[in-house]
Amino acid sequence: MAKDITRYRNIGIFAHVDAGKTTTTERILALTGRIHKIGEVHDGAATTDFMEQEQERGITIQSAATTCFWKEHQLNIIDTPGHVDFTIEVYRSLKVLDGGIGVFCGSGGVEPQSETNWRYANDSKVARVIYVNKLDRTGADFFRVVKQVDSILAAKPLVMVLPIGTETEFVGVVDLLTRKAWVWDESGKPENYEIKDVPEDMKDQVEEYREALVELAVEQDDEILGKYLEGEEISIEEIKTCIRKGTRELAFFPTYCGSSFKNKGVQLVLDAVVDYLPNPLEVPAQPEVDLEGNPTGKLAYADADKPLRALAFKIMDDRFGALTFTRIYSGHLKKGDTILDTATGKTERISRLVEMHANDREEVESAQAGDIVALIGMKNVQTGHTLCDPKDPATLEPMVFPDPVISIAVYPKKKGDNEKMGMAISKMVAEDPSFQVETDEESGEVILKGMGELHLDIKVDILKRTHGVEVEVGKPQVAYREAITKRLADSYTHKKQSGGSGQYAKIDYVIEPGEVGTNFQFESAVTGGNVPREFWPAVQKGFATSIDRGPLAGYPVVDLKVTLTDGAFHAVDSSAIAFEIAAKAAYRQSLPKAGPQLLEPIMKVDVFTPDDYMGDVIGDLNRRRGMIKSQDPAATGVRVKADVPLSEMFGYIGDLRTMTSGRGQFSMEFSHYAPCPSNVAEEVIKEAKERQAAAAK
């Protein structure tokens with residue numbers, strides 16, 4: 001029996017660290033009857049934070065998918081992490097969501113990380129409602145946060161409720177549409193509330209805000225706007241229709257407030273999810289691409305009768321085996337079906353389907369378009385792979401993941417743990433595409449690569465706790481790159497004559513700096529038949545496989561352009577192999593002459609500091625070779641944005657806390673590569689040569 005897809009809401013909850021995202025999810029689960037005992041993040045007992053690392057640090061690292069019901073609607077909720085090193089989790093969650101709840105702290109307001117997540121959500125065109133949490137806190141100010149949403153995020157908040165009382169006096173909210181006050185008692189139970197008339201001293205404010213709400217909403221519908229301008233009374237249902245349309249089109253964001261911890265105000269946010277966020281039929285259909293990644297012009301519509309199109313957006317290993325979280329865009333899936341993974345070209349059989357509730361699961365027989373389920377027993381499916389009907393294959397637009405910028409070497413403390421460590425790491429790589437591993441060919445070291453210090457810290461922690469492998473960790477290494485600065489025309493001849501058939505290849509070529517971001521380009525400008533066309537790919541391959549090691553310190557070379565201009569061949573002794581060898585030797589001969597330079601990753605750093613410490617923070621960023629981009633006054637301090645080399649940012653979190661008495665915060669993400677100053681480059685090259693010499697011994 002097909003389910004009514006219009007009653008689905010696939011939503012995510014995202015926010016800055018500590019804005020109360022997970023507590024809000026807990027409250028929603030309690031209200032929707034999913035859990036009976038409410039877990040607290042600060043007690044390390046939250047339902048969706050079930051990894052030890054999450055409970056200890058009080059932060060969410062993995063997004064957990066949970067299904068619950070509210071007012072005859074099915075809500076699939078994804079709890080996403082707020083910490084910047086895990087934005088990859090936020091990004092991939094947004095890919096499969098239809099709507100979201102942006103949670104902001106009533107006292108902290110719009111913080112650096114909320115901005116990054118908000119930008120991601122804008123890029124993914126996800127409709128959102130805003131929830132200003134922690135209104136019971138000292139310094140909480142709903143109206144200030146509303147202003148910040150407008151000024152910092154450039155988003156239009158549509159205020160739907162007003163708080164009754166502030167800080168310790170916060171008791172409830174006034175619903176502007178119905179002009180009714182929801183007042184909770186002090187028992188802390190979400191169901192203990194009364195609906196009353198608006199307090200006398202708030203009546204004028206309520207009318208003023210309600211009028212602003214109606215004015216903004218009716219702009220969405222010309223017919224209703226006409227009635228409003230003629231002075232007719234607009235019904236609540238008509239206003240809701242307008243709000244729903246504006247929310248879906250990102251014209252504005254319905255804004256609520258409350259205190260999740262004290263269980264006040266969450267019901268209205270749930271009502272808003274049902275009333276205003278889109279169902280799977282109302283979001284744009286996913287574009288399909290062919291196996292080469294070219295758009296086919298077809299779309300995957302949310303329709304259970306269409307061919308199967310589903311996206312595996314997360315892989316999680318737990319005590320029951322690997323779970324593959326999957327969003328079904330079209331068609332349906334049932335136990336025992338055979339599906340095709342377009343990325344591997346292999347078919348797999350679905351042995352079990354489960355609906356997840358944080359750490360528990362409920363087996364289901366089938367699922368359909370709009371559902372988010374976990375599949376058990378998938379062998380080769382990776383994050384971002386499309387699962388489809390083998391008789392009608394197609395691929396959904398894939399996810400793009402950033403390259404890691406920091407690496408550490410790890411080796412097991414116990415001699416015999418090598419294999420155990422290898423298996424554990426391969427599971428972790430499957431779970432997190434922004435985490436990579438490689439083995440250094442010379443030293444045999446296992447190198448872990450990630451998005452930041454905390455990211456790798458947590459990975460080492462997971463190795464220890466979840467997989468029982470204690471490891472020694474080397475010093476963090478920065479992912480440097482090399483590039484050339486000069487154009488150089490050169491020639492190389494490869495000759496080998498030692499009985500039997502010989503090898504001969506001559507190439508004339510130009511190497512020059514390519515455009516930024518191109519990595520490697522090759523073209524052939526050979527005219528006439530001096531280098532026959534069939535040998536061109538061999539020359540290209542010779543250069544392309546060499547760029548992994550640069551001439552200065554052995555780091556990969558980027559933005560290199562090679563043009564084959566001429567050459568010569570021998571009718572008997574020339575072969576593709578001979579031309580490939582010639583190209584590799586030509587690379588080693590010419591690159592050191594083309595003005596090679598070292599490039600370092602530059603990070604976009606966004607620091608929040610109270611006013612008193614601003615001078616120290618800016619001075620410190622300057623010492624770290626930072627370029628200050630902007631200083632913007634925020635409600636409770638200053639936001640400083642700067643570009644800083646990654647190599648100077650190790651240990652920054654501790655230094656910032658010391659400098660600002662624990663009140664500073666920062667987020668950082670990769671921005672671009674830039675040339676290293678010569679004194680820094682000399683050090684890096686020297687260290688690299690020492691490492692290579694040690695490995696050679």
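Predicted model: local features only at pLDDT ≥ 70, side-chain atom pairs only at ≥ 80, totals over all residues.
**View 1. Helices α14 and α15 cross at roughly 150°.**
Here we're looking at α14, residues 614–623, and α15, residues 652–659, whose axes come within 10 Å. With that crossing angle, α14 counts as roughly antiparallel to α15, because the cut-off for that label is over 145 degrees. The crossing itself is right-handed.

**View 2. F143 and Y209 make a tilted aromatic pair, one of 12 aromatic pairs in the structure.**
Centre to centre the rings are 5.6 Å apart, with 45° between the planes. F143 sits in helix α5 (residues 142–151) and Y209 in helix α6 (residues 203–218), so the pair ties together parts that are 66 residues apart in sequence. F143 is partly exposed at 25% relative accessibility, and Y209 is partly exposed too, at 24%.

**View 3. F313 and F325 pair up between two strands.**
The ring centres lie 6.2 Å apart and the planes sit at 45°, so this pair is tilted. Strand β14 (residues 309–318) supplies F313 and strand β15 (residues 321–330) supplies F325, so the link joins parts that are 12 residues apart in sequence. F313 is buried, at 2% relative accessibility, and F325 is buried as well, with a relative accessible area of 2%.

Notes. Residues numbered from 1 in each chain as written. Heavy atoms only, no water. Axes fitted to C-alpha atoms, helices over the stretch in contact; angles between N-to-C directions. Helix = DSSP H or I, 4+ residues; strand = E, 2+ residues; numbered from the N terminus. Parallel < 35°, antiparallel > 145°, perpendicular 65-115°, else oblique. Left-handed = near helix turned anticlockwise from the far one by under 90°. Phe/Tyr/Trp six-rings, centres within 6.5 Å; stacked < 30°, edge-to-face > 60°. Buried < 20%, exposed > 50% of the residue type's maximum accessible area, 1.4 Å probe, protein only.
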